Amino acid sequence: TDEALIALGTIGERASSLFNPSLRLGVTGLSRAGKTIFITSLVHNLLHGGRLPMFEAAWSGRISKAYLQPQPDDDVPRFQYEDHIARLVQDRLWPDSTRAISELRLVIEYESASSWGRMFSGGKLNLDIVDYPGEWLLDLPLLTQDYRAFSRNAVELARSSARSDLSGKFLARASQVDAHGEASEETARELAALFTEYLAACKADSRALSTLPPGRFLMPGDLDGSPALTFAPLPDLDDSRAPSGSLQAMMERRFESYKSVVVRPFFREHVARLDRQIVLIDAMQAMNAGRDAVIDLERALAEVLECFRPGRNNLISRLFTHRIDKVLVAATKADHLHHESHDRLEALVSRLVDRAAERIGATGADIEVIAMAAVRATREASDTSGSEALPLIVGTPIKGDEIDGHTFDGETKTAIFPGDLPKNPESFFEQLESASQPTIPPINIVRFRPPKIERDERGVKLSLPHIRLDRALNFLIGDRLE
Ligand code: GDP
């Protein structure tokens with residue numbers, strides 16, 4: 001019977017994982033949070049014996065070998081590590097960012113610290129790294145909504161003060177159409193395009209608002225232009241049934257397809273199989289953009305964390321067969337700050353995670369938080385010309401970028417005063433709660449080129465420099481190398 005087969009399958013899986021242990025590590029975050037850079041640097045540092053003092057297994061010399069092998073899933077694109085590392089190290093340019101799901105298997109051979117480990121795993125761990133857009137996670141709440149509820153929520157947010165100036169064109173056009181009028185492909189396409197345009201405008205640097213569902217509108221993967229993505233919310237729908245053949249009926253059907261052919265399979269086939277998860281966030285960008293962006297990041301983070309602790313809703317928890325047992329939220333690009341501010345960034349993000357967890361009725365206690373730079377593009381210096389030493393960071397700004405009317409040539413090293421983060425997370429968020437804009441001192445975010453790789457005293461090229469990547473690794477996989 002099917003059940004017996006499933007049981008046999010499970011036993012088979014268990015046995016094979018006992019002798020050939022593998023760990024699926026999910027890497028996610030909203031677009032440009034730093035997923036591609038994180039994976040590339042992680043792999044490079046493990047392949048080339050990087051400096052990882054806080055990653056016990058590596059630092060104690062127990063990792064004997066690490067190498068890439070074909071991934072287990074043939075139907076998922078491979079993470080293009082070789083292309084990304086060539087661009088980073090040889091061209092000193094940032095590689096293309098994540099646009100869809102991809103996977104890479106890194107095999108780590110190690111000497112087990114325990115006899116139990118030596119007996120069963122033979123000291124080999126298959127680390128399957130799964131890279132996917134955080135935008136796709138934001139679709140989870142849609143599974144519990146029908147088209148009417150989705151429309152109501154989406155239109156309410158579009159009309160909110162943080163977004164109304166960006167959604168005007170979409171809302172104006174959507175309020176002209178007759179939902180019960182005849183379905184038209186042209187109208188559906190026009191509305192979907194205007195809605196996507198509005199979602200993209202929210203993401204622009206100056207606003208830095210986090211994405212809203214449907215996640216595939218901005219990150220379509222290979223579904224660009226398909227009917228399941230050609231719909232949009234409609235404003236002010238009444239409770240009456242949509243007549244068959246009407247625009248609303250067409251939108252309803254496509255929304256249901258989006259859920260059944262896009263969202264549900266993604267969760268079932270990918271998210272539900274993960275063992276560990278790192279969520280990358282660009283907290284500094286949000287803080288620089290101001291109050292709305294920080295509150296919005298908190299909302300998005302709450303929705304993302306909800307995906308890793310399903311259970312409150314039956315419809316959703318049925319999709320998950322096993323639990324992710326470790327979640328790490330990492331604030332990336334800490335190399336834009338002087339090290340004095342790294343702990344402040346960590347404290348701010350910890351508070352943000354606690355607040356996000358409260359929103360979903362959880363505590364942030366078992367979620368680890370870290371401030372990190374997967375690739376460190378700067379070094380530190382100080383300006384001692386004044387009465388107090390001023391902390392500076394030094395790097396090579398990207399060619400063509402501008403500050404105060406000066407255009408950088410992409411070759412010249414430049415020292416920048418990065419700015420300070422607020423010392424006290426509590427008072428920062430208290431100010432955020434009050435209606436006034438909090439006084440967030442702007443951080444100077446200059447985009448630097450990736451660093452030149454140094455050589456050691458024997459002339460051997462070192463791996464990519466980083467900040468606290470070793471701590472992230474220790475938390476995410478350290479216990480599986482014991
Ligand atoms: P994602 O794949 O969309 O999540 O984002 P990427 O990994 O492509 O990162 C987006 C951009 O952020 C990169 O092109 C870099 O400019 C910058 N970035 C990401 N990680 C780091 C980092 O650790 N340090 C610095 N300085 N910049 C970073």
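Q: Which helices and strands each supply at least two residues of the lining of the largest pocket?
A: In this predicted model, they are β1 (22-29), α2 (35-47), β5 (276-281), α10 (283-289) and α11 (291-308). Helices (H or I, at least four residues) and strands (E, at least two) are DSSP runs, numbered from the N terminus. The largest share of the lining, five residues, comes from α10. Residues are numbered from 1 along each chain as its sequence is written, and side-chain values use heavy atoms, with hydrogens and water left out. Local features need pLDDT of at least 70 and side-chain atom pairs count only at pLDDT 80 or more, while totals for chains, interfaces and linings use all residues.

Q: What makes a residue part of the lining of a pocket?
A: A lining residue has an atom within 4 Å of a point of the pocket, which is an open set on a 1 Å grid where a 1.4 Å probe fits, with protein on both sides within 12 Å along at least five of seven lines. Here 49 residues line the largest pocket, and Arg32, Ala33, Asp282, Gln285 and Lys333 lie nearest its centre.

Q: Why is Ser463 called buried?
A: Buried means under 20% relative accessible area (1.4 Å probe, protein chains only). Ser463 has 11% relative accessibility, so Ser463 counts as buried.

Q: How do you know that the side chain of Ser463 makes a polar contact with the side chain of Asn45?
A: A polar contact is a pair of N or O atoms within 3.5 Å, one able to donate a hydrogen and the other to accept it. The pair from Ser463 and Asn45 is at 3.5 Å and counts as one.

Technical notes: Buried < 20%, exposed > 50% of the residue type's maximum accessible area, 1.4 Å probe, protein only.
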